[in-house]
Amino acid sequence: MKTFNYHIPKDLKEASKLASTSSAFLAGGMTTIPSLKLGLATYKDVIDIKRIKKLSGIKVSGKSVTIGATTKHVEVADSKHIQKAIPALAKLAGNIGDAQVRNRGTIGGSISNNDPSA
């Protein structure tokens, strides 16, 4: 694994300033960390966004459902709002990977990495 600069921005503005074509965002790390370890990906900077509160959570309003990028799969699966609004999504999220992946992996990571198993 090659070296990289690890950043923990306090907000979206700081995270955006750190972003470049040679950086990766990290929240759950279920794809990024193994890719780094196996040498399948290299980055100059890894930007850990999991502590940015604005990027997490589930909001349902009318016919709109918003799920933050750093929301964990288990949160989607267990959400009463998601179970009511989109039951298939709640069921799908509850069957992603194993318990460790569901409790650490994020919906945004699965989408942005285009993980076929997630």
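This is a predicted model: local features need pLDDT of at least 70, side-chain atom pairs count only at pLDDT 80 or more; totals for chains, interfaces and linings use all residues.

**The sheet, the hairpin and the whole chain**

Three strands form an open sheet in the order β1-β3-β2, and their pairing is parallel. Its edge strands are β1 (5-7) and β2 (23-26), each of which pairs on one side only. From one strand to the next, the twist averages 20 degrees; axes here are lines fitted to C-alpha atoms, for helices over the stretch in contact, and angles run from 0 to 180 degrees between N-to-C directions.

Residues are numbered from 1 along each chain as its sequence is written, and side-chain values use heavy atoms, with hydrogens and water left out.

Helices (H or I, at least four residues) and strands (E, at least two) are DSSP runs, numbered from the N terminus. Two strands count as paired if DSSP finds at least two bridges between them. Strand β1 is joined to strand β3 (residues 45-48) by three bridges, and the two run parallel. Within β3, V46 is the bridge partner of Y6.

Which way do strands β4 and β5 run, parallel or antiparallel? Strand β4 (residues 58-61) and strand β5 (residues 64-67) run antiparallel, joined by four bridges. There K59 has T66 in β5 as its bridge partner. This hairpin has two residues between its strands, and G62 takes a positive phi near 60 degrees.

Altogether the protein has seven helices and five strands. Along the sequence, the pattern reads β-α-β-α-β-β-β-α-α-α-α-α.

How confident is the predictor? On pLDDT, the confidence in each residue from 0 to 100, the protein has a mean of 94, with 97% of its residues at 70 or more. Confidence is lowest in helix α7 (residues 107-112), at a mean of 90, and highest in helix α3 (residues 73-78), at 98.

Turning to dimensions, the C-alpha atoms fill a box of roughly 45 × 30 × 20 Å along the principal axes. Of the 118 residues, 32% count as buried, meaning under 20% relative accessible area with a 1.4 Å probe, protein chains only; over 50% is exposed, and partly exposed lies in between. Finally, residues 24 or more positions apart account for 47% of the contacts with a separation of 6 or more, a contact being heavy atoms within 4.5 Å.

Notes:
pLDDT is the predictor's confidence in each residue, from 0 to 100.
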